[in-house]
Structures are given as C-alpha cells and as structure tokens.
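Subject: Structure handover

Hello,

Here is the structure I promised to pass on. Please open it first, then read my notes below.

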Amino acid sequence: MYTSTVVCFPGSGGDPGGELRRQSVLVDDLRLRLESVVASLPREDSATGWFGAAREALQGEVDLERARLGREVARLDGLRIQLDHAANQATVPGGVP
Amino acid sequence: MTSGLTVGVGAGVATDELDRVGRVLQTAAQHCHEIAIRIPPLRTGESVGRDADLWEVQAAVRRSIERFDALARGLRTAATLYDTAEQTAAHALETAASQLAAVAGLLLSRLGVILLPGLLAAAGRLALVWGLVPAEQRETVLTAIEQGVARLAPALSEPTLLETLRVAMSLADDAALGTVGVPPVFAGLLGETGAGLSGVDTAALAVAGLAALAGASGVDAVRIDRAGADLRRGGEVRPVEPPSSLADRVGRIPEAATPIVIERFVLPDGTPHLEVYIAGTDAHAPMGGDQPWDMASNVALVAGEDASSLQAVRAALAAEGVTSDTSIVFTGYSQGGAIATLLAESGHYRTTGLVTVGAPSGAIPVRGDYPAVVIEHREDLVPVLSGIRRETNAVVVRGDAFDSGPPPEGGLPAHDLDRYRSTASDADAHGNATLRAAIDSLPRAALTGEHSAYTATRMPSSATTT
C-alpha cells in the first residue's frame, strides 16, 4: 500500500500532491479534535461546590495536561502547514508554488 | 434546573462536583484515545521530520490519557472517602451535641422544679384575666396570634433553619433523658449515636401515646375498598402504560382520598410486577378520625408503630394477591414515602425499587439490595421531622423547591407534590452516575398493565380488618 518515496493511499490515483493534501486534512481534523479536548478540560473558575487544597492540586494537574496538549495542538498545526506546503510543491511543475 | 440538585449516597453528601469533574476527565481520556489510534497511519515514512513530530504528538497524547484516567480514578476514590469522613465527623458531632442536650434537659428540669409553683400561679392569674376579657377583644387577640403564626411560616422554608431543626429533632430524646435525670454521658450512649435505644422514634412514641390518651389513635384497624364506579365487580380496573421515569412515577401518586394505587405489569422475563403508589397525609383530616392518612398515622409511623395507613397498604397488597415472587416498586409522597420505605424494608416483599419524595423517613434505615431514590427539597419541613438521616443505601437527591426570591404563600409550599414532580424531572435529566445507575436499575415492563385504586377507612378497634 505504501512506497518508501511517494505515498499513494488507495484511491489517491497516484497523485502525491492530492495525497499530501488528504493527509493535511486528516492532521487538521486531529488538531481540531485535540483543541476541543483542551477546551473541555475544567478551568479553575468552573468549580461550584468544591474548594480547597485538593481541588487546587487537581487543577494544577489538569493545567499541566492542558499545556501539554496545547503544545501538541500547535505541533499538529505546524505539520498541517508543512503538508500543505509539500502538496503545493508536488502539484506545481518545477516545484515552485 | 438540574444545577441546583445535589446527589449523594447515604447521608446526602454532595459528591456530584467530584463526580462531574471525574466524568469530564474520563471523557477527555476517551477522546484522546480516539485521537491516538488515528495517528500511526499518518506516519508514512515520506518525511523523517514529520514522522518524528507525529511520534511526539502520539506519545504526549498517550501520557495525557494515563494522567486523565488516574485523575478520574482518584476522584472516584476521593468521593467515597469524603462520604465516609463526613459520616464519621457527623457522628462525633452528634454524640457531643446529644450530651449537651442532656445537660440542657437536666438543667431545665431542675429549673422547672424551682419555678413550677410560680409558673402555676402565673398561669392561674392569666386564665382568670382571660375569662374577664370581653369576647370581641378575645377574638382580636386570637386573630393577632394567628397572624403572628402566619408570619412565621416563611421562616419554616429556610434551609439553614430546617437543618438546625433536623438536628434538634434528633436531640429531643437526649434532652428528655436529661430531664428525667439520666447523666449526659449515658444519654449519648443510649441515643442514636450509641446503642440506639432512644431516638426520634422514642420521642414520637411519647407523642403517639399522648395522642392516644386524648382519643386520637393512629394504629386502629382499617377497611379498604377498590375505588371505581363498578362496585359490584369489586371496583374498576383500567389499562395503564408502564412508568418511564422518576417524574412519571411521582406524577402517578394519588390524592389522599384514594390513597393507594397499584399497577400490575408483567416483566419481559414473565415475572409479575407491581408499581405501588402511596399518597401523602390529608392535611384536613381530623386526628384519629376515619381517614387513616392523618397526622395520628404520621406520628405512629415515625414512632415505629403499626399505623392505620401502613395496615391499609398491606391489606391492598394482600388483595392484589402479592406473593414472594412478585416484584414491587414502592413510590410514596410524604407519609406515603415513610410507608413505602417501611414496606420495602420489611422483608415481607420482593422489593425491586423505592422512590420517595418529601418523606419523613430519615429514621428508617434503607439497607436492601434494590435501587432506592430519595428526593427532598432543602426548604421542606416534613423530611426534617424524622431527624438526621440514618443508615441508607438510597441515592439522596436534594433540590431547591423555589427558583429564587421569597417562598410562595401558603402552608409548606416546598412540600407541594407538583414541585416534587418537577424536581423528579430534574433528577431524571441529571448526569450523576450513581443516580443514573439507580434510575436505570428500576424494573421496566414492556406491555400495558392494569391500574387499581383503593380507598381506606379507619375502623374502631373492635371492627374487622379487611
């Protein structure tokens, strides 16, 4: 299914540019999903009936995970840009977009 | 309006915040897992740099999944520990408070001995003066007293006052023990927090005894009749759809005039199943009269006596030919809730569910292995009357009867059955996992059943019980 140099998923019709664009869409979808996970994590002001040291410790842990996943959202966004760029290079004759 | 609800198991501890955060983290872990499994196909080997980035993303997401899972597990453990710790702390506080109540009782009784002659003389003079007051002015004074009592009514909807009253009801027996000279430390040992030899039921038994002496017995025999137009055929039976929710069940609780409704279904496995709905107290019924759903039965129930209303429901179940195989869900409001709890816990029936709203049933333990949901309003006086809630496996749902502002006019507006139906509807929509599990465990019949209603009449002690 895969080659070592040019990747052509089934149904791509041997079009490396189109395939890179498809990958870019998939990566962007993952980015959006991860972004929505980050947005769903509880924030400090969302506590209504639970306060104190235990709540703050939990919030600290959740904030760490938010930061970790936030970085990965940015990394996926960078990947998407790279894939879009590579797709453009593959489509335009001579490699110039 | 589900945000105002607190849900807990046992003493009614609000663990729903922990539960909510735990669910959010569990969902986040699940979504992260779905993302992680979609990353490997994107590593094509075309670009080492891009593949390395995808490795990094996958590893980070997997670390987050582990952390979210661990945090959600921790929250579930914390919720259990909070329940246990709060119950232990409440027990210790109550022991100390019961000893203080006994001291107060002891002091008041000694003070009473000293002041009694003076008080009797003052009462005599007051009675003499009252006799001399003209009838119109007596009417004016009585009206003023009535207005004063009416002004106190809103205070009886204050949650803080009601929680204090709940504790006070539980301490009444300790104060009484102190009054008769039992040393405070022994009062604590005898009460609910110690050997359990005295409690709210002891205090209620004393009230029931006094009421019986005054001619208002709540334990006299009853006669039941199936309600409906076709009396020659033993009353009316009509088809009914199975209940689908807590609110649906609460909505089927009858008025006190026809206090027992029984719906007969067959479960998908062929087992006979009954839904039993029991009415609340008839506020206008004279104590000890022919309406068994009166205050006399209420007091008898809290005292642990065989109240007339309790006898009536047992008789209706016997009339329906209940056997040890018959699955029964008991649903009751107010006095009906206390009856439902007693019957569910009696061991005489195959209880498969219990739903109570606004019931003075805190002193009745719920230990059975069946789903039980107890719904109370924070502003309702009636559940408070049975004192601090004792051992219970029930899921306790506490909600606000009113949106905001001053409570509506009328006697005990927070005890209104329609308001409880609305709160039950909120509970149906609530996301708490324990509550959802309890609701989902209630038996569900698939086919149409039969509905019967019963009236009940209290008989003199010598009459035959039906």
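pLDDT is the predictor's confidence in each residue, on a scale from 0 to 100. You need it from the start, as this is a predicted model.

Chain A first. Its mean pLDDT is 79. In chain A, 72% of the residues reach 70 or more. Where pLDDT is low, the predicted coordinates should not be read in detail.

Chain A has two helices and zero strands. Of its 97 residues, 19% count as buried. Take the contacts in chain A with a separation of 6 or more: 67% of them come from residues 24 or more positions apart.

Now the two chains together. How many residues of chain A are in contact with chain B? The count is 28 residues of chain A, against 26 residues of chain B. On chain A, the elements that give two or more residues to this side are α1 (16–40) and α2 (53–91). α2(A) gives the most, with 11 residues. The side of chain A that touches chain B divides into 16 nonpolar, six polar and six charged residues.

Two elements of chain B are worth a look.

Start with helix α9(B), residues 308–319. It has 12 residues and reaches 16 Å from its first C-alpha to its last, close to the expected 16 Å. Nine of the 12 residues are buried, so α9(B) is largely enclosed by the rest of the structure. Among the buried ones are B:L310, B:V313, B:R314 and B:L317. What do the buried residues of α9(B) pack against? Their partners in chain B are the strands β2 (222–226), β4 (260–266), β5 (272–278) and β10 (449–458), plus the helices α8 (295–302) and α10 (335–344). After α9(B) comes B:G321, with a positive phi near 70°.

Then strand β7(B), residues 350–357. Seven of its eight residues are buried, which leaves the strand mostly covered. Strand β6(B), residues 327–333, runs parallel to β7(B), and seven bridges join the two. In this pairing, B:F330 has B:L354 as its bridge partner. The chain gets from β6(B) to β7(B) through α10(B), in a right-handed β-α-β crossover. β7(B) also runs parallel to strand β8(B), residues 372–377, with four bridges between them. Here B:V357 stands opposite B:I375.

Over to you.

Best wishes

Notes:
Residues are numbered from 1 along each chain as its sequence is written. Chains are lettered from A and ligands numbered from 1 in the order in which they are written. This is a predicted model: local features need pLDDT of at least 70, side-chain atom pairs count only at pLDDT 80 or more; totals for chains, interfaces and linings use all residues. The expected span of a helix is 1.5 Å times one less than its number of residues. A residue is buried if 20 or more other C-beta atoms lie within 10 Å of its own, exposed if 12 or fewer, and partly exposed in between; C-beta atoms are placed from the backbone. Two residues are in contact if their C-beta atoms, placed from the backbone, lie within 7 Å. Ala, Val, Leu, Ile, Met, Phe, Trp, Tyr, Cys and Pro count as nonpolar, Asp, Glu, Lys and Arg as charged, and the others, Gly among them, as polar. Two strands pair if DSSP finds at least two bridges between them. A crossover is right-handed if, with the strands pointing away from the viewer, the path from the first strand over the helix to the second runs clockwise.
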